[in-house]
Amino acid sequence: MFAVLRFFTGFCITGIVIVSAVLSETICILNNTLYYLAGVEWVDVKHRKLVGVIDSFSWSIWNCVFPGIAYYVTDWRWLILSVSSPLILNIITWRWMPESARWLIAKGKFEEAQMYLKKCAKMNGRFVCLQSRKHKVIKADQTYSYIDLIRTPKMRKIALSTGVLWFCLASSYYGISFNITGLGLSIYLTQFVYSLIELPAKGTVYYLLDKIGRRPTQMGALLTVVAVIGKGFSSASFSTVVLYCSELYPTVLRQNGFGYNSFMGRLGVAVAPFILLLDEVWEKLPQLVLCLLALTGGLVARMLPETRNRFLPETIEDIEQRWKNKKPLT
């Protein structure tokens with residue numbers, strides 16, 4: 001029963017992450033015309049990084065709190081109950097979450113989709129004016145699957161690269177996180193230090209995402225994974241990868257792509273404990289493997305295109321034509 005419940009826990013967490021990352025895109029079809037806003041999420045392009053970093057900060061702050069809870073709540077049953085109880089808020093607040101405009105359009109609910117789009121426009125300071133734009137119309141009844149991630153050459157490259165990136169990043173991040181005896185301190189203090197070091201790293205990411213771009217931030221953070229400092233940089237890389245990879249996929253495949261990346265990340269998490277067991281072969285071998293994984297992830301990130309100040313791709317055709325609209329936003 002415990003294993004079954006843990007399965008559903010992982011299932012729900014993945015769903016929450018995917019939905020929160022790609023919720024309510026604003027590129028859609030209304031009355032056979034493509035309407036658009038400056039941003040394709042519920043915040044505009046200049047503030048996407050803010051939402052991503054805030055989400056990541058909340059993760060790190062909770063990680064700082066968790067060691068204290070674990071120190072005082074020693075029974076594992078009560079510990080699981082304690083750390084899971086905040087999810088009750090999700091059950092209460094879900095009804096206030098906006099629905100995906102794309103999903104509504106696919107279901108033929110155009111008026112409801114337009115209502116959400118106008119709310120999004122107002123939030124982004126675009127008032128409620130949706131401007132029509134001559135563009136290839138995305139068919140509302142057209143469906144996409146995970147096969148579409150590998151159907152065309154450039155999509156295959158993006159899918160392969162982001163998959164490897166997520167696997168390497170998750171393996172190195174959790175490999176460092178699981179090695180809580182590595183500093184020779186109390187496991188609770190070590191976990192607290194590991195979590196605390198993430199906060200300044202993520203604050204730095206907020207500055208660098210627009211200053212130097214997504215790709216250099218992602219690559220540089222992964223190439224700097226050593227001990228406790230590496231925990232901070234790997235966390236900074238996680239803050240970047242969620243935003244960066246969601247911007248790489250076209251609107252029609254963004255949720256599929258994010259689900260695939262999340263799967264690759266979870267696979268990396270599953271592998272991390274086995275990497276730590278390599279210390280039976282050689283004491284330094286786990287650290288060497290984790291560094292090599294981080295290095296591989298950094299080099300793969302170098303192969304991906306930059307997304308800073310660009311409209312996100314809408315269709316697979318946009319990806320194959322290397323994003324028709326490359327003009328920076330002002």
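A nonpolar surface patch is formed by I88, L89, I91, I92, W94, W96 and M97, with about 840 Å² of accessible area together. Patches are made of residues with over 30% relative accessible area and no salt bridge, with like charges joined within 9 Å and nonpolar side chains (Val, Leu, Ile, Met, Phe, Trp, Tyr) within 5 Å. The model is predicted: local features need pLDDT of at least 70 and side-chain atom pairs pLDDT 80 or more, whereas totals for chains, interfaces and linings use all residues. Residues are numbered from 1 along each chain as its sequence is written, and side-chain values use heavy atoms, leaving out hydrogens and water.

**Surface patch**

- Accessible areas come from the Shrake-Rupley method with a 1.4 Å probe, and for residues only the protein chains shown count as cover.
- One of the patch residues, I91, is found in helix 4 (residues 88-93); helices (H or I, at least four residues) are DSSP runs numbered from the N terminus.
- I91 counts as exposed, at 59% relative accessibility; buried means under 20% relative accessible area, exposed over 50%, and partly exposed in between (1.4 Å probe, protein chains only).

**Salt bridges**

- The structure holds two salt bridges, each defined as a side-chain nitrogen of Lys or Arg within 4 Å of a carboxyl oxygen of Asp or Glu.
- In one of them, the side chains of R151 and D148 meet at 3.0 Å, N to O.
- R151 is exposed, at 51% relative accessibility, whereas D148 is buried, at 10%.
- A salt bridge also joins the side chains of E247 and R214, at 3.0 Å, N to O.
- E247 belongs to helix 11 (residues 227-248) and R214 to helix 10 (residues 214-222), so this pair ties together parts that are 33 residues apart in sequence.
- Both partners are buried: E247 has 0% relative accessibility, and R214 has 1%.

- The buried residues T190, Q191, Y194 and S195 lie in helix 8 (residues 187-196).
- Viewed down the axis of helix 8, its buried residues fall within an arc of 130°, so they line one face of the helix; the arc is that of the directions from the helix axis to the C-beta atoms.
- Helix 9 (residues 198-211) has 14 residues, which at 1.5 Å a residue should span 20 Å, and its end C-alpha atoms are 20 Å apart, in agreement.
- The expected span of a helix is 1.5 Å times one less than its number of residues.
- E198, A201, K202, V205 and L209 are buried in helix 9.
- After helix 9 comes G213, whose phi is positive, near 110°.

**Cysteines**

- The structure holds zero disulfides, a disulfide being a pair of cysteine sulfur atoms within 2.5 Å.
- C245 is buried, with 0% relative accessibility, while C291 is partly exposed, with a relative accessible area of 33%.

**Contacts across the sequence**

- Y173 lies in helix 7 (residues 153-178) and is buried, with a relative accessible area of 5%.
- The C-alpha atoms of Y173 and F238 are separated by 8.3 Å, although these residues are 65 apart along the chain.
- R214, placed in helix 10, is 91 residues from P305 in sequence and 9.1 Å from P305 in space, C-alpha to C-alpha.

Note on methods:
Helices (H or I, at least four residues) and strands (E, at least two) are DSSP runs, numbered from the N terminus.
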